[in-house]
Protein chains: 4
Amino acid sequence: MTVSLVRSAAGDADVLFAARVSTAGEASLEELSKDPEKSTGLINYLMRDRHGTPFEHNSMTFLIQAPIFVFREFHRHRAGWSYNEESGRYRELQPVFYTPAPDRKLVQHGRPGKYEFSEGTEAQHQQTVEAMETAYRKCYEAYQEMLAAGIAREVARAVLPVGLFSSMYATCNARSLMHFLSLRTKKENAKVPSFPQREIEMVAEQMEAQWAALMPLTHAAFEKHGRVAP
Amino acid sequence: MTVSLVRSAAGDADVLFAARVSTAGEASLEELSKDPEKSTGLINYLMRDRHGTPFEHNSMTFLIQAPIFVFREFHRHRAGWSYNEESGRYRELQPVFYTPAPDRKLVQHGRPGKYEFSEGTEAQHQQTVEAMETAYRKCYEAYQEMLAAGIAREVARAVLPVGLFSSMYATCNARSLMHFLSLRTKKENAKVPSFPQREIEMVAEQMEAQWAALMPLTHAAFEKHGRVAP
Amino acid sequence: MTVSLVRSAAGDADVLFAARVSTAGEASLEELSKDPEKSTGLINYLMRDRHGTPFEHNSMTFLIQAPIFVFREFHRHRAGWSYNEESGRYRELQPVFYTPAPDRKLVQHGRPGKYEFSEGTEAQHQQTVEAMETAYRKCYEAYQEMLAAGIAREVARAVLPVGLFSSMYATCNARSLMHFLSLRTKKENAKVPSFPQREIEMVAEQMEAQWAALMPLTHAAFEKHGRVAP
Amino acid sequence: MTVSLVRSAAGDADVLFAARVSTAGEASLEELSKDPEKSTGLINYLMRDRHGTPFEHNSMTFLIQAPIFVFREFHRHRAGWSYNEESGRYRELQPVFYTPAPDRKLVQHGRPGKYEFSEGTEAQHQQTVEAMETAYRKCYEAYQEMLAAGIAREVARAVLPVGLFSSMYATCNARSLMHFLSLRTKKENAKVPSFPQREIEMVAEQMEAQWAALMPLTHAAFEKHGRVAP
């Protein structure tokens, strides 16, 4: 799973000018030079009391490569997100598939909505990887055979598993990203518990790290106030 | 592919009261009894000049069963759409898979974005169905084996192809539905050409028929003005 | 300020079928007959852990009459809301204006973002009402004079104060309504403090009462879990 | 009316990489160096056939000063727009009001939804300006008196006319901006007729000019294909 920030215009200052227009009107841009401590305070106040709109005046585009089952969950995020993805109708898809790394916990316990996971045995891991690789290979062969027989790509792709990697650009702002992170990461300090699938969490963690570098004060406030999107 | 309208509150009158508040304010509900010809005229005017908001004050929920590759396209519609789908994390998925019917055109021509399709030969159709069924069976066996070995459903499902059927509820309003239909159906009288994949079009056609029964004047205006969402 | 529910298709059962599709797939409608206690439990679980989408498959339309300054705040709610409002371009606006009732607290203390209010004196209340009525009358006279002189309504209305009443239809679902209520009401049991202007809160309270009658289990869960929109 | 572009990350190249991910997947960034003629062709194709999403991966923030009646129309644009505005609750508003310039056509003809305007006489213009200035002054005096008497700003502002100037930041992307422009400007070459109020059109024209400088190919394609948002 890879995540690259390919374009952005996002900084803590973008939150500040937007927030200060409430009280300073047309002079809000000049207010930006105010002392940094006050700025930290303002961002924390906005986050804590859930004034969300000042966090929307910024933009980040990520190029993400992940399996289809990750994108299936990803695309359910509607507000403040834009997507363009590789097309199985326009393009012959390449045989790059997901198999769990050795540290992926494979065994689930508990009830829907709050699964806990534990390590599988080495045998379980090996069996999983083998079962996946065999199935992936069979499917991709069937795909290739249909293409060779002149069948349209959009039809032939029906046999490709959701473990297939795809590529997409996803554009968001700090507010929509925080909403995504609050649901797609699992952290001790989160006020609201989330139980994301590990694979989308791996994408989310990379996005969070890159966002935190752009907007450190906003990220710190998000952490401090329990990882709830304002 | 099946589509059932499971709940709705949607009628042409819902467009009329919303539109008439512009000119009649608080008396807009009483205006509803105005003569039907005027109502048809008003709906046509709104559609033609693209006054979209009066078409939003209504609601329809469809229960849809279709392959994952259809839902993948479906979920890209964000504004005015709500979704809840069967979960491969919470539930063991059932082995119901898509194969093209004999009348599905299998061979594509032309460039990306504007493919045309022609009938395949009988041999091509047979080969497609066989290739799919074999691949589906192999994958589902691998899925079952992993589950039997104690692997979590969310991991094991990676091998399931996008031809697997899923179920979802999708809620929309007339405006968001028209936008969907303008992109996901291909019609002679459409002002803007669309080249949807046939399988999502099959879903769209069923939705359109059920919507047209609820809002016949609105549907007629949509047809008359080139199937462009207002 | 008046609020009438003019159309709706909204019930607790709409939350249940949507939530149960995750685990029951195509059988989710049959699951609706499950015992009521389980249903209450499910709705509470969804609310507490912030699974928001099942609360979107329902629809309510309110006809609201309130001053422009209330609608100005109202229209900032974007996701899950549809609006149609009386038009000052299409219609001569009627002279109905807002003045505070005797119980409206008139004096504010504290800092932006968390004002507290206290009663004004009787003299303050009287002065306010008189100042408003005089200003409103002058403005409406100027409006009438311009109209009489042949000036376009859209130009003449520039002099009309934001205390003027307007009418609109607003359509939402339970999720977008809860988000609105969490910001536009001030309650002891709210987990996140809000400081709405009293006038929009008066609208919100009427909407909440009408919604609670339609979806009592959902409303109770909203109350129980701190009035945070899921 | 003033419009300043205060931050942006928007260029024609942002459309190209997003569009090319469909066919080039993970190699879409490298494709950017393709010859310019092909790029123009691609943007025109996307615009004509209404492939909208590639136009969303960019961002522009405008600081806008305009009368409240302009912002009232502006805030009805929901998808792809973020707003933060000066607050009449947090701040004492300044007495800057709108009066029409001599070239503002003051007299309307025709039916709702398609007004045409003609010049007023000099006397009409003079009367309008005088009526407005008198009303504005009276209202602002009432506002000041109430504030002096200790009445809360949020209450006192009820007397302020919608001709009062306010300030806001508005953030959008090329797609949401084109949708706005298609409705809020009136042009000969527009495929769908629009009848915006002149004052919001003045804002729209300034926004369009600043956007066109950032994304000239996209703007040219918008013009060429009838000013319909894709």
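Is A:S166 buried or exposed?

View 1. A:S166 is buried, at a relative accessible area of 6%; buried stands for under 20% relative accessible area, exposed for over 50% and partly exposed for what lies in between, with a 1.4 Å probe and protein chains only. This is a predicted model in which local features need pLDDT of at least 70 and side-chain atom pairs count only at pLDDT 80 or more, while totals for chains, interfaces and linings use all residues. Residues are numbered from 1 along each chain as its sequence is written, chains are lettered from A and ligands numbered from 1 in the order in which they are written, and side-chain values use heavy atoms, with hydrogens and water left out. A:S166 lies in strand 6 of chain A, residues 165–172 (helices, H or I, of at least four residues and strands, E, of at least two are DSSP runs numbered from the N terminus). Leaving aside residues up to four places away in sequence, A:S166 touches A:I64, A:Q65, A:A66, A:I68, A:F71, A:E85 and A:E86, where contact means heavy atoms within 4.5 Å. With A:E85 the side chain of A:S166 makes a polar contact of 2.7 Å. Such a contact is a pair of N or O atoms within 3.5 Å; within protein, one must be able to donate a hydrogen and the other to accept it, and residues adjacent in sequence count only if both atoms are side-chain atoms.

**View 2. The two domains of chain A.** Domain 1 of chain A covers 2–86 + 164–224, and domain 2 covers 107–159; the bounds come from an automatic or database domain assignment. Taken over C-alpha atoms, the centres of these domains are 32 Å apart.

**View 3. The interface of chain B and chain A.** On each side, 54 residues of chain B and 54 residues of chain A are in contact. About 4,800 Å² is buried between these chains, 55% of it from carbon and sulfur atoms; buried area is the accessible area (1.4 Å probe) that two parts lose on being put together, summed over both. Six salt bridges cross the interface, each a side-chain nitrogen of Lys or Arg within 4 Å of a carboxyl oxygen of Asp or Glu. One salt bridge joins the side chains of B:R104 and A:E154, at 2.8 Å from N to O. Helix 4 of chain B gives the most to the side of chain B that touches chain A, with 12 residues.

**View 4. Cysteine 139 in chains B and D.** B:C139 is buried at 0% relative accessibility, and D:C139 is buried at 0% as well.
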